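Hi,

Here is the structure I promised to pass on. Have a look at it first, and my notes follow below.

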Number of protein chains: 2
Amino acid sequence: MIRVLKGHIVSAPRLGELDVVENGFLVLDGGVIRGVYDRLPAEYAAAPLTDYGDCLLMQSFADMHLHAPQYPMLGMGMDLPLLDWLNTYAFPTEARFADTDYARRVYRRLASDLITNGTTRVCMFSSLHTEATWILMEELEKAGVTGYVGKVNMDRNNAPGVLEETTEQSVAETLRWLDGCRFDHVKPILTPRFTPSCTDELMAKLGQIAAERGLCVQSHLSESIPEMEWVRRLHPECERYWETYDKYGLWKDHTLMAHCVHSDAAERAAMKKAGVVAVHCADSNVNICSGICPVRQMLNEGLWVTLGSDIAGGAQLPMYKVITATIRTSKNRRIVDDWQTDFLTVEEAYYLGTTSGHRYFGAGEGFAPGDKLHAIVLDDSDFPESGKPLTVRERFQRAIYMTHRHNIVAVWSDGRCVVGE
Amino acid sequence: MIRVLKGHIVSAPRLGELDVVENGFLVLDGGVIRGVYDRLPAEYAAAPLTDYGDCLLMQSFADMHLHAPQYPMLGMGMDLPLLDWLNTYAFPTEARFADTDYARRVYRRLASDLITNGTTRVCMFSSLHTEATWILMEELEKAGVTGYVGKVNMDRNNAPGVLEETTEQSVAETLRWLDGCRFDHVKPILTPRFTPSCTDELMAKLGQIAAERGLCVQSHLSESIPEMEWVRRLHPECERYWETYDKYGLWKDHTLMAHCVHSDAAERAAMKKAGVVAVHCADSNVNICSGICPVRQMLNEGLWVTLGSDIAGGAQLPMYKVITATIRTSKNRRIVDDWQTDFLTVEEAYYLGTTSGHRYFGAGEGFAPGDKLHAIVLDDSDFPESGKPLTVRERFQRAIYMTHRHNIVAVWSDGRCVVGE
């Protein structure tokens, strides 16, 4: 079961570090990484070798926050602020996923678009529909995308007659959904939409289910100022947004919180203390005018920061686009901070979109021995002629800015070659 | 010579206005627009008709600021500020265009990438090399790109031994270059790189040539704070950056000034008074941390604002990407202005990337009768299924965010179908 891959091997094991092995060898044993070598150890000389030639063999991407049922509305309604946008676009769009045939078609396309763009791990919101959520999980599984999917819970302030569930329905459907999840690579995660969408009773029940079944939780936090004011009105007993999750047992190790744009120092400290993971969604934050997230500060404080496309607040599914959006947001943050804050380098943002996300699923740093392989093979030979020999690091930087789906000629997910074999 | 085009016709005649004619007819006479009609007038019933079916027939784009010889470095060196970036990347890259074979290959590729992405008009910086500049003009001409190209003038603070010219060389080569320009669709424009690159003597001479030959001028203005401080040190006699151009006759009607990020109210008033055109380069401004340009304010003050990709400070050649970058910058400006400033809508940013630029070349508003046709035909049929019938306006919005080159199935430039015939 030994197999050798050859190419220019690029990984980001730690923030700001890029490991480059030019013309290197990556040895797999049943899809599990044995090691990365600049010369092939003699013991593997007879193993089958796939030569990716002059291509880059890079870590694949982890998209830690996106709304699958919003994929059909990508690029539309970008002229509305968050709460109006939810009511006018997001809720009616999600409501259509009561139709399982429609769900099948959209989710098959989404799964294909994810994997061919090199996103091999996801943490994803579905809609409130149980059947459509199973379909989403099945289509991801078939395409080779791995990770977590959540049936959304939302029993208040939703869209009456369009997209609503009672507390009882929400709990009962969550249990039915959990009991029906039987997928190898796609697992369930509890998904209260966000505090304004969930009654105290529902939140308490979800906290209980999370504890009983040992499930992770994902939701939204401090995305926009009007949203935070709304949460404050709904929960006058809580000083900060995060406490509305904490009081029901949803604020715990590995809880994923999307955005955190306006989390103050105290809220950020609470994240770090609990082991809550921030999902920074740079494109979404600017598209719906949420704010300019202080990611460098979060990193300096030792927070665990990952990246999300946040489809369809975000308008770009490919994570290499999300990575450049992240860099741009950090540069805008630098400008706003009177050029005092360091922006994120390409290497740093790539780490956030790869290793930092993959670690959520138990993976190690970069191409760590013992991990199942998650990788893309990138052919940049159709990029414009550079006029001088480029280092692999320069080619890597250019690839992050210039890649299009067709440049990704192979994708490995969970040790399997799922594209390009 | 009458010819009829049929499709969903979309144009932005004025800021914030979108003209949509569903299943409309655009009538051409020798490539010149006769009119746009919702029903075909009887007199054209026998004319040959090209039916673009369910495609969008939209205005093509005008890229009003880019550096052709920086195309090979796109996506590299994005971690440096403007002045370091110039010395480390831009100058050595431009220097390679002394090699005319290399210039031919790069410029052929650039011209092809421009036209296939729907950019039919440009105002472009070449390098200081006369031969390479002619080659650039010839390759644009062949590909069907129209507009202005400038041999760059730079006789101080350049890259000694790498990229330099004396004042005498600069003037003599400019005259030799001008005398050798014989292209139908690509015309010369005078191009002092920016004030720090040009001696007073050279500036004065260029002002004289501009007046004598009736030539337009393009340069850079108030892009970054360190650059402006440098200009102030070089020209203590000038209160503001713009005066360094004005004193040599280069600040005049139709002078193009890239960036203007930090132009204050007085400088903006001087632009308006003189008829100077601002080229906003949203992607470049964030990539090299220049600043967040107050475009809404410039528009409110009645300035003429156009858009530029600013390759390779900008990392995105397609103007539909530049348009979404412009929207995002305006949204960041809104956030920074405490949510008080209106962002640019898709329709507004599209106007800036089309009509506002085309007017520079004498065109009218939108698809104006009497103008030669500049248009793209956009096939969005491979976009994800939307789940509801979309209006043409919604499809237009989505197309601006989601288009890739392969969706542009035909391009018309100066009345000729140059792609897809």
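To start with one spot: how many bridges join strand β12 (residues 256–259) of chain B to strand β13 (residues 277–280) of chain B, and do they run parallel or antiparallel? There are three bridges, and the two strands run parallel. Within that pairing, Leu256(B) sits opposite Val277(B) of β13(B). Strands and helices here are DSSP runs numbered from the N terminus (E, at least two residues, for strands; H or I, at least four residues, for helices), and two strands count as paired if DSSP finds at least two bridges between them.

Before the rest, some housekeeping. This is a predicted model, in which local features need pLDDT of at least 70 and side-chain atom pairs count only at pLDDT 80 or more, while totals for chains, interfaces and linings use all residues. Residues are numbered from 1 along each chain as its sequence is written, chains are lettered from A and ligands numbered from 1 in the order in which they are written, and side-chain values use heavy atoms, with hydrogens and water left out.

**The parallel sheet in chain B**

β12(B) and β13(B) belong to an open sheet of four strands, in the order β11-β12-β13-β14, with parallel pairing. β11 (218–221) and β14 (305–307) of chain B are the edge strands; each has a single partner, so one side of each is left without a neighbour in the sheet. From one strand to the next the twist averages 35°. Helix α11(B) lies across β13 and β14 of chain B and runs at about 130° to β14(B). For these angles, axes are lines fitted to C-alpha atoms (for helices, over the stretch in contact), and the angle between N-to-C directions runs from 0 to 180 degrees.

The loop between β14 and α11 of chain B is worth a look in your viewer. Asp310(B) is in that loop, and it has a positive phi of about 45° although it is not a glycine.

**Where the chains meet**

On the interface, 51 residues of chain B are in contact (heavy atoms within 4.5 Å) with 51 residues of chain A. Together the chains bury about 4,400 Å², 57% of it on carbon and sulfur atoms; buried area is the accessible area (1.4 Å probe) that two parts lose on being put together, summed over both. Asp79(B), Cys289(B) and Glu385(B) supply 14% of the area that chain B buries against chain A, more than any other three residues.

The rule finds four salt bridges across this interface, a salt bridge being a side-chain nitrogen of Lys or Arg within 4 Å of a carboxyl oxygen of Asp or Glu. Arg328(A) forms a salt bridge with Asp283(B), where the closest N and O atoms are 2.7 Å apart. Among the elements giving two or more residues to chain B's side are α9 (282–287) and α11 (319–336) of chain B. Of the elements, α11(B) gives the most to that side, with six residues.

In chain B, strand β1 (residues 2–11) is joined to β2 (residues 19–29) by nine bridges, running antiparallel, with Val4(B) opposite Val27(B). β2(B) then pairs with β3 (residues 32–37) over five bridges, again in the antiparallel sense, and Leu26(B) stands opposite Val36(B). The hairpin of β2(B) and β3(B) has two residues between the strands, and Gly30(B) takes a positive phi near 60° there.

Now chain A: nine bridges link β1 (residues 2–11) and β2 (residues 19–29) in the antiparallel sense, and five join β2(A) to β3 (residues 32–37). Phe25(A) has Tyr37(A) as its bridge partner in β3(A). Gly30(A), in the turn of the β2(A)–β3(A) hairpin, has a positive phi of about 60°.

Cheers
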